[in-house]
Number of protein chains: 2
Amino acid sequence: MAANQGERVRRRLSTGERREQLLSVGARLFSESPYDEVWIEQVAEIAGVSRGLLYHYFPTKRDFFAAVVERESERMLRMSAAVPGVPVREQLAAGLDTYLEHVRAHAHGYRAFHRADAAGDQAVRKVYQRALAAQERQILAALAADPEFGPRALERPELRLAVRGWLAFTTAVSLEWLRDAELSREQVRDLCARALLGVL
Amino acid sequence: MAANQGERVRRRLSTGERREQLLSVGARLFSESPYDEVWIEQVAEIAGVSRGLLYHYFPTKRDFFAAVVERESERMLRMSAAVPGVPVREQLAAGLDTYLEHVRAHAHGYRAFHRADAAGDQAVRKVYQRALAAQERQILAALAADPEFGPRALERPELRLAVRGWLAFTTAVSLEWLRDAELSREQVRDLCARALLGVL
DNA sequence: ACTTTACTTGACGCCGGTTCAACAGCGGGA
DNA sequence: TCCCGCTGTTGAACCGGCGTCAAGTAAAGT
């Protein structure tokens, strides 16, 4: 580990690059250890940079964590845009495929992101909740646009709760799938699809 | 706040009572704030004891948190014992009623407990995972005992994943319900029941 | 009253988060 | 080519909460 730490020539990156690099390291560490077991020092060391620099980019450790979460939340929202006009049943399979692909590609970030709910402070939670709410809205909108469910669906208060529950279902299954992929992506996809249709 | 702190006569409790009291205070605080925003000092102050006493009962802050989580996990397991011989569909409604009643009665502990997954270290996570696995086993066993699903069910690897996902569903819905109870317990119960039957 | 033991007090070391003044690499102007 | 200013970056010191410990205090049981 840390093979090229000591002798690496000091490189000066642009603020954008450095920020991105730090967030990547953060995502990895926060995905592997709970919040308070991640030391700023550790992040800096892996990034090949001093502790102080981190505080130049992020005011506090919490803000750093929040930035990691926010970055993942943006990536996630960008990825999961709904396709209008297509029946929910068809959109669902394709959407889940994209989603699960994203989960595999950004496993660290995904795990770190879903830590925000239980490990974050008010601000971090807010970012997390906003991302969840956005996904929720996308799904509800897709449901409302489908004749099978109809625009009336939005008025049922339990539907919101059902969608939120289903998101938790999908998240839990995805995380478990990351931990030990004994099932194929198609199986996981079908499982999640069945769960949503079953609950409606 | 802390109305009866200063002038309260020093009370001497049995180790069991004191331990219980500290765990209760911990459950409340850990349910309201993330792990690292809870100070040992704060716990002690609310309990009306000295910092030192906490370290007399629990070696470290982590152990304290772990004890809080473990206590809730025990309570939960004790509460959710399955009734053998009854069809799943009937058992489900009754079981969920008990569960949701427990959630309301021990809201703080319930919230604190579900923080273990993302905020705890390896040891705490282990306690959490053990509790989840136990619930999982109870459900799978109940399914296997029912002729509608049969003992073959246990062999389907996706079923375990489905049950785990459903637990996450129920947890998310319960937590949301605690935050803002716009739905009745019956509605939540039916929603969760439908989710399980739908996914199988 | 005497014993037991829950409990307090206060001082200390340690360690990780946070601050800040100084330093050093890189681009631009002469 | 040299110098200069901008800004990325450093290193060390500070702070506050965790965890330790030894010596004591006082509430219950007998």
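**Exercise 1.** How many residue pairs are in polar contact between chain A and chain B?

*Solution.* The model is predicted, so local features need pLDDT of at least 70, side-chain atom pairs count only at pLDDT 80 or more, and totals for chains, interfaces and linings use all residues. Residues are numbered from 1 along each chain as its sequence is written, chains are lettered from A, and side-chain values use heavy atoms, without hydrogens and water.

Step 1. A polar contact is a pair of N or O atoms within 3.5 Å; within protein, one must be able to donate a hydrogen and the other to accept it, and residues adjacent in sequence count only if both atoms are side-chain atoms.

Step 2. Nine residue pairs, both residues at pLDDT 80 or more, are in polar contact between chain A and chain B.

Step 3. On the side of chain A that touches chain B, helix 9 of chain A gives the largest share, 13 residues (helices are DSSP runs of H or I, at least four residues, numbered from the N terminus).

**Exercise 2.** Find the salt bridges across the interface of chain A and chain B.

*Solution.* Step 1. The criterion is a side-chain nitrogen of Lys or Arg within 4 Å of a carboxyl oxygen of Asp or Glu.

**Exercise 3.** Which rotation superposes chain A on chain B?

*Solution.* Step 1. Superpose by least squares on the C-alpha atoms of residues with pLDDT of at least 70 in both copies.

Step 1. The rotation is 179°, with 0.2 Å of shift along its axis and RMSD 0.2 Å. This is the relation of a two-fold axis.

Step 2. In chain A, G198(A) has the C-alpha nearest the axis, 1.9 Å from it.

Conventions
Helices (H or I, at least four residues) and strands (E, at least two) are DSSP runs, numbered from the N terminus.
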